[in-house]
Amino acid sequence: MSDAADRDETGTPDSDTSRGEYLLGALGAVVVLLVLAFLAHQAVVVRDGRPQLSVAAAEAQQVEGGWAVPVEVVNEGGQTAEQVEVTGVLSRDGTEVQQATATFSYLAPGSRQSGALLFSADPTDGRLEIRPAAYTLP
């Protein structure tokens, strides 16, 4: 082919790639690099650590046959926890009245699950201590 065949009608070299295509390619490369950096950060920094469990309880509600205390357990750590056991101990005047437990099968890092602890005695009449009691690692 001759050099003249590679030119358009204005006499400038014919280019199949426009400036917009180069810009879009560069933008795609930046997005790919940002995703790779995020994944590396998640793999090295965030996932490096044990489960960090916390439990928040809502107001007790009277239900048929007793009382239910809604709870939400949160894993703020970097590792999954399985078979998370949450315990609630109701005591009055320093004496344990009743204990209730709930087991959450799986808590991924950064996740939360809800459940309830069931009591036959009124948990609003006394001191209720709720905490994570145990978990296993996958």
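Modeller: Buried means under 20% relative accessible area, exposed means over 50%, and partly exposed is in between (1.4 Å probe, protein chains only). This is a predicted model with residues numbered from 1 along each chain as its sequence is written; local features need pLDDT of at least 70, side-chain atom pairs count only at pLDDT 80 or more, and totals for chains, interfaces and linings use all residues. Side-chain values use heavy atoms, without hydrogens and water.

Biologist: Why is Arg92 called partly exposed?

Modeller: Its relative accessible area is 25%.

Biologist: What makes Arg92 and Asp125 a salt bridge?

Modeller: The term needs a side-chain nitrogen of Lys or Arg within 4 Å of a carboxyl oxygen of Asp or Glu. Here the N to O distance is 3.6 Å, so the pair qualifies. Arg92 sits in strand β4 (residues 81-92) and Asp125 in the loop between β6 and β7 (127-136), so the bridge ties together parts 33 residues apart in sequence. Strands are DSSP runs of E, at least two residues; helices are runs of H or I, at least four; both are numbered from the N terminus. Asp125, at 46% relative accessibility, is partly exposed.

Biologist: How many salt bridges does a search of the whole structure find?

Modeller: Three. Arg112 and Glu72 form one of them, with the closest N and O atoms 3.0 Å apart. Arg112 belongs to strand β6 (residues 112-119) and Glu72 to strand β3 (residues 66-75), so this pair ties together parts 40 residues apart in sequence. Another joins the side chains of Glu129 and Arg127, at 3.6 Å from N to O.

Biologist: What makes a group of residues the largest nonpolar core here?

Modeller: A core is a set of buried Ala, Val, Leu, Ile, Met, Phe, Trp, Tyr and Cys residues joined through side-chain atoms within 4.5 Å. The largest such set has 18 residues. Val84, Phe104, Leu117 and Phe119 have the most contacts inside it. β3, β4, β5 (95-107) and β6 each supply at least two of its residues.

Biologist: Which residues does Leu117 contact, leaving aside neighbours within four places in sequence?

Modeller: Contact means heavy atoms within 4.5 Å. Leu117 meets that test with residues including Trp67, Val71, Val86, Ala102 and Ile130.

Biologist: What makes Leu24, Leu27, Val31, Val32, Leu33, Val35, Leu36, Phe38 and Leu39 a patch?

Modeller: Patch residues have over 30% relative accessible area and no salt bridge; nonpolar side chains (Val, Leu, Ile, Met, Phe, Trp, Tyr) are joined within 5 Å, like charges within 9 Å. These residues make a nonpolar patch of about 890 Å², with the area from the Shrake-Rupley method. Leu27 lies in helix α1 (residues 19-46). At 51% relative accessibility, Leu27 is exposed.

Biologist: What is the phi of Gln83, and of Asp93?

Modeller: Most residues other than glycine have a negative phi. Gln83 has a positive phi of about 50°, and Asp93 has one near 55°. Gln83 is in strand β4 and partly exposed at 43%. Asp93 is in the loop between β4 and β5 and exposed at 82%.

Terms used:
Accessible areas come from the Shrake-Rupley method with a 1.4 Å probe; for residues, only the protein chains shown count as cover.
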